[in-house]
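Hi,

Here is the structure I promised to pass on. Have a look at it first, and then read my notes below.

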Amino acid sequence: LSGMILGLHIGTKPEEIYRALIEGTAFGMRRIFENYAEYGIMVESLGAAGGIAQKDEMLMQIYADVLNRPIAVSKATQAGALGSAVYAAVAGGLYPTVTDAADAMAAKAERVYTPDPMAVDAYEGLYRRYRELHDRFGGIS
């Protein structure tokens with residue numbers, strides 16, 4: 001796919017471009033979830049860990065609003081290492097299943113971002129425009 005930012009003008013501020021980039025990636029994820037749904041895979045909620053999920057509240061709220069799904073952010077700062085430890089605990093016989101190990105070892109949610117109904121409504125119209133541009137310029141006939 002190619003990319004574009006529609007509506008730029010001489011007065012566009014850097015923070016507006018930053019927000020547009022976040023919204024664009026959130027719209028892209030929504031499109032992916034819609035594609036999953038077309039094949040019977042429903043995404044009800046999301047989990048996020050480490051890095052930007054713990055540092056950028058605005059980004060996480062935009063994702064929750066665009067996706068219209070709650071997003072739980074884990075307390076784990078090293079989710080990859082924790083996942084490896086879960087599998088190692090099962091391989092070492094400390095837990096019988098990955099689910100049991102994860103339930104015992106995984107860090108609980110630090111914060112849950114819930115969709116704001118007013119923002120969800122506002123993003124619906126913007127998403128329809130995104131889909132038009134995505135389909136027109138993204139190589140989909």
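Start with Ile71: leaving aside residues up to four places away in sequence, Ile71 touches Leu46, Ala48, Met60, Tyr63, Ala64, Arg111, Val112 and Tyr113. Keep in mind that this is a predicted model. Ile71 is also one of three residues, with Met60 and Tyr63, that touch the most other members of the largest nonpolar core, a set of 21 residues. Two or more residues of this core come from each of H1, strand E1 (46-48), helix H3 (57-67), strand E2 (71-74) and helix H6 (117-137). H3 gives the largest share, seven residues.

Ile5, Leu8, Ile17 and Leu21 make a nonpolar surface patch of about 320 Å². Leu8 sits in the segment before helix H1 (14-38) and is partly exposed, at 48% relative accessible area.

Now the charges. The count of salt bridges comes to eight, and a network of them links Arg30, Arg31, Glu34, Glu38, Glu124, Arg131 and Asp135. Which residues does Arg30 pair with? One is Glu34, with N to O at 3.5 Å; both lie in helix H1, four residues apart, or about one turn of the helix. The other is Glu124, with N to O at 3.1 Å. This second pair links distant parts of the chain, since Arg30 is in helix H1 and Glu124 in helix H6, 94 residues apart. Arg30 counts as buried, at 13% relative accessibility, because the cut-off for buried is under 20%. Glu34 is partly exposed at 24%, and so is Glu124 at 27%.

Arg131 is partly exposed at 22%, and Asp135 is partly exposed at 24%.

Finally, the overall picture. The protein chain has six helices and three strands, which run α-β-α-α-β-α-α-β-α from the N terminus on. Its radius of gyration is 18 Å, well over the 14 Å that the globule rule gives for 141 residues, so the chain is more spread out than a compact globule. The C-alpha trace spans about 60 × 35 × 30 Å along its principal axes. Of the 141 residues, 26% count as buried.

Cheers

Methods
Residues numbered from 1 in each chain as written. Predicted model: local features only at pLDDT ≥ 70, side-chain atom pairs only at ≥ 80, totals over all residues. Heavy atoms only, no water. Patch = residues over 30% accessible without salt bridge, like charges linked within 9 Å, V, L, I, M, F, W, Y side chains within 5 Å. Areas by Shrake-Rupley, 256 points an atom, 1.4 Å probe, with all protein chains shown as cover. Salt bridge = Lys/Arg side-chain N within 4 Å of Asp/Glu carboxyl O. Buried < 20%, exposed > 50% of the residue type's maximum accessible area, 1.4 Å probe, protein only. Core = buried A, V, L, I, M, F, W, Y, C linked by side-chain atoms within 4.5 Å. Contact = heavy atoms within 4.5 Å. Rg over C-alpha atoms; globule rule 2.2 N^0.38 Å.
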